[in-house]
Amino acid sequence: MGSNPRALARERIGMTDPAASFEPHRRRLLGLAYRMLGTLSEAEDAVQDAYLRWHAADRDAVLDTRAFLARTTTRICLDAIKSRRARREAYVGPWLPEPVLDTDALAADSRTELAEDLSIALLLTLDRLSPLERAAFLLHDVFDFSFSEVAATLERSEVACRQLAARARAHVRAARPPGAAASPAHSGEVDAKHAQLLSAFVAATRSGDLQALTQLLASDVRVVTDGGGKVAAALHVLEGADHAAAFLVGVVRRGWREDFTLRFATINGLPGLIVGVPGGPVQTAAFEIEGDVIRALYVVRNPDKLRHLAAPPLPPRSNHG
């Protein structure tokens with residue numbers, strides 16, 4: 001991707017104000033960091049760290065702010081992945097990315113096929129890649145950086161970066177379910193067809209109707225629950241309609257509370273449900289739907305991953321505080 005000399009010249013006018021020159025890039029950087037780390041809170045920390053480094057940098061010597069900030073953020077994320085490796089190895093049960101409702105705020109702002117895809121299936125695939133494969137793929141295939149820019153960021157040759165991205169691309173293509181990828185839902189609303197399916201799902205689980213529930217599930221459905229060892233959740237991925245239906249009905253029978261509230265929402269671009277109590281959300285469920293059946297269900301119960309859904313959005317941070 002070539003840089004526009006006039007645009008770069010205009011950009012340099014505001015270099016004396018680090019906040020003013022950083023803010024136009026914040027959304028893109030947050031989207032990059034979230035895809036790298038899978039956790040919004042860690043992504044926000046990475047972007048804030050990138051801002052602090054930008055504040056301390058010799059900005060007049062920077063020829064391309066966009067490339068500099070993406071390179072800085074990527075390296076911060078790579079360091080974060082290394083430092084959290086032990087914590088992830090000790091994680092109790094399946095790990096799921098932190099659910100997000102506003103996918104617009106994390107869009108890649110490019111014209112690539114995956115620019116707006118924040119589906120859980122994609123994020124789980126990215127998480128299984130090596131950190132360098134993930135970075136090369138995201139920078140080139142999602143954020144539209146040239147391989148020369150990727151090479152400068154990862155401190156590898158262009159040939160090596162092409163190979164990293166190609167391996168990652170093959171994994172992503174193999175893992176993305178046909179016809180089930182998330183589509184951008186800018187209004188945050190679940191469409192009528194999916195709302196009807198989710199309503200039937202809720203009715204069947206609450207009534208304990210195993211036959212009705214099984215008919216809503218693909219025969220090879222997968223149910224993934226993330227409690228992080230902090231709340232009750234299945235410790236393994238559940239596979240198959242009969243097994244999943246029995247589990248879901250049992251969970252609702254044992255754990256449903258009268259003060260629970262339910263609301264439809266798009267979660268990582270997928271139709272979903274948020275279960276809440278007066279104190280805030282206690283669970284999100286994102287549904288991967290193919291045709292008229294549910295092919296995967298991703299349930300996040302880890303309270304650490306739900307905290308941001310209860311809090312009002314924070315204003316952009318652009319100072320040392």
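This is a predicted model: local features need pLDDT of at least 70, side-chain atom pairs count only at pLDDT 80 or more; totals for chains, interfaces and linings use all residues.
Residues are numbered from 1 along each chain as its sequence is written, and side-chain values use heavy atoms, without hydrogens and water. Local features need pLDDT of at least 70 and side-chain atom pairs pLDDT 80 or more, whereas totals for chains, interfaces and linings use all residues.

Helix H2 spans residues 18-37, helices being DSSP runs of H or I with at least four residues, numbered from the N terminus. At its start, a side-chain oxygen of Asp17 lies within 3.1 Å of the backbone nitrogen of Ala19. H2 bends by about 50° at His25, the bend being the angle between axes fitted to the seven residues ending there and the seven starting there. After H2 comes Gly38, with a positive phi near 75°. Because 16 of its 20 residues are buried, H2 is largely enclosed by the rest of the structure (buried: under 20% relative accessible area, 1.4 Å probe, protein chains only).

H2 packs with H3 (residues 40-56) at an angle of about 145°, the axes being 8 Å apart (lines fitted to C-alpha atoms over the stretch in contact, with angles from 0 to 180 degrees between N-to-C directions). Among the residues that meet are Phe22, Leu29 and Tyr34 of H2 and Val47, Tyr51 and Trp54 of H3, contact meaning heavy atoms within 4.5 Å.

Ala244 is located in helix H12 (residues 241-255) and, at 0% relative accessibility, is buried. Beyond residues up to four places away in sequence, Ala244 touches Leu217, Val221 and Val223.

Notes. Helices (H or I, at least four residues) and strands (E, at least two) are DSSP runs, numbered from the N terminus. Buried means under 20% relative accessible area, exposed over 50%, partly exposed in between (1.4 Å probe, protein chains only). A polar contact is a pair of N or O atoms within 3.5 Å; within protein, one must be able to donate a hydrogen and the other to accept it, and residues adjacent in sequence count only if both atoms are side-chain atoms.
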